[in-house]
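This report is intended for a reader new to the structure shown below.

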Amino acid sequence: MKWGVRMRYVVTVVWVFLLSLMAEFVLSSMLYVSFDMTRAIILTVGLSFFIILITFLMPKDSEVYDFK
């Protein structure tokens with residue numbers, strides 16, 4: 001696997017983690033419950049898996065998806 005392909009997955013997981021933390025913080029403060037890092041990590045794993053799965057299922061024959 002090329003270095004650029006690996007970095008794409010790492011950056012995806014990092015961004016999903018940061019956005020999950022933000023969503024967990026906002027939602028927990030709106031619902032008046034305590035902040036729980038475990039929920040953010042579970043959300044990160046689920047969303048990262050879903051996003052990476054979507055990229056594998058997308059058609060690759062178009063030049064739009066040809067990253068170099």
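## A buried glutamate and its salt bridge

In this predicted model, Glu-24 counts as buried, because its relative accessibility is 10% and the limit for that class is under 20%. Its side chain meets that of Arg-39 in a salt bridge, with an N to O distance of 3.0 Å. The structure holds one salt bridge.

The pair links distant parts of the chain, since Glu-24 belongs to helix H1 and Arg-39 to helix H2, 15 residues apart. Arg-39 has a relative accessibility of 38% and therefore counts as partly exposed.

## Aromatic pairs

Two aromatic pairs are found when the whole structure is searched. In the pair formed by Tyr-9 and Phe-56, the ring centres are 6.3 Å apart and the planes stand at 40 degrees, so the arrangement is tilted. Tyr-9 lies in helix H1 (residues 3–30) and Phe-56 in helix H2 (residues 37–57); the pair therefore ties together parts that are 47 residues apart in sequence.

Tyr-9 is partly exposed, at a relative accessible area of 22%, whereas Phe-56 is exposed, at 55%.

## The protein as a whole

The protein contains two helices and zero strands. Of its 68 residues, 13% are buried. Among contacts with a separation of 6 or more, 44% are between residues 24 or more positions apart.

The accessible surface amounts to about 5800 Å². Carbon and sulfur atoms account for 75% of that surface.

Key
Residues are numbered from 1 along each chain as its sequence is written. This is a predicted model: local features need pLDDT of at least 70, side-chain atom pairs count only at pLDDT 80 or more; totals for chains, interfaces and linings use all residues. Side-chain values use heavy atoms; hydrogens and water are left out. Rings of Phe, Tyr and Trp (its six-membered ring) pair if their centres lie within 6.5 Å; planes under 30 degrees apart count as stacked, over 60 as edge-to-face and the rest as tilted. Helices (H or I, at least four residues) and strands (E, at least two) are DSSP runs, numbered from the N terminus. Buried means under 20% relative accessible area, exposed over 50%, partly exposed in between (1.4 Å probe, protein chains only). Contact means heavy atoms within 4.5 Å. Accessible areas come from the Shrake-Rupley method with a 1.4 Å probe; for residues, only the protein chains shown count as cover. A salt bridge is a side-chain nitrogen of Lys or Arg within 4 Å of a carboxyl oxygen of Asp or Glu.
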